[in-house]
Amino acid sequence: MEAGLPNIKRWIVVYPVYINSKKTLAEGRRIGVSQACENPTCIEIGDCCGYLKLPFVIEIDKAYPRDFMQRGRVRVLLKKEDGKQLMIKVGELVPKHPGRTKKQEASTSSTAAATKSNKGGKKKK
């Protein structure tokens, strides 16, 4: 641990569930659906924090208590204790993440090819 940084255990914790638009408020989402993004990962959240020049630590071995199947969380050092502004900004940045845009291009091209081949013409008698 670097000498200039405070204790990591006091940093704000951001779980991917907090900004997942597929989750409800009861399931753990903390911002509005319009500000959230679909299925973010802790790696994407960490990359966004790095882009915003915030000190962060990714903890892969941790899980959200209400959804323990999804692993990973991010600890971020903020000047203010409220992380809501950070969650809103990360919700904007995650869909623009380079890894996410490559996945979407690959999935849309494969589904487009599948739909073209499934369309039929005249039925043979």
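View 1. The model shown here and in the views below is predicted.

View 2. The chain contains three helices and three strands. Counting contacts between residues at least 6 apart in sequence, 58% join residues at least 24 apart.

**View 3. Crossing of helices α1 and α2.** Two packed helices are described by the angle between their axes and the distance between the axes. Helix α1 spans residues 42–51 and helix α2 spans residues 84–93. Their axes come within 10 Å and cross at roughly 105°. An angle of 65 to 115 degrees counts as roughly perpendicular, and α1 and α2 are therefore roughly perpendicular to each other.

**View 4. Residues in the contact between α1 and α2.** Helix α1 contributes I45, C48, C49 and Y51. From α2 come L86, V90 and L93. By class, the contact has seven nonpolar residues, with no polar and no charged residues.

**View 5. Buried residues of α2 and the elements they pack against.** In α2, the buried residues are L86, M87, I88, V90, G91 and L93. Among them, L86, V90 and L93 also take part in the contact with α1. The buried residues of α2 pack against strand β1 (12–14), helix α1 and strand β3 (67–76).

Technical notes. Residues numbered from 1 in each chain as written. Predicted model: local features only at pLDDT ≥ 70, side-chain atom pairs only at ≥ 80, totals over all residues. Heavy atoms only, no water. Helix = DSSP H or I, 4+ residues; strand = E, 2+ residues; numbered from the N terminus. Contact = heavy atoms within 4.5 Å. Axes fitted to C-alpha atoms, helices over the stretch in contact; angles between N-to-C directions. Parallel < 35°, antiparallel > 145°, perpendicular 65-115°, else oblique. Nonpolar A, V, L, I, M, F, W, Y, C, P; charged D, E, K, R; others polar. Buried < 20%, exposed > 50% of the residue type's maximum accessible area, 1.4 Å probe, protein only.
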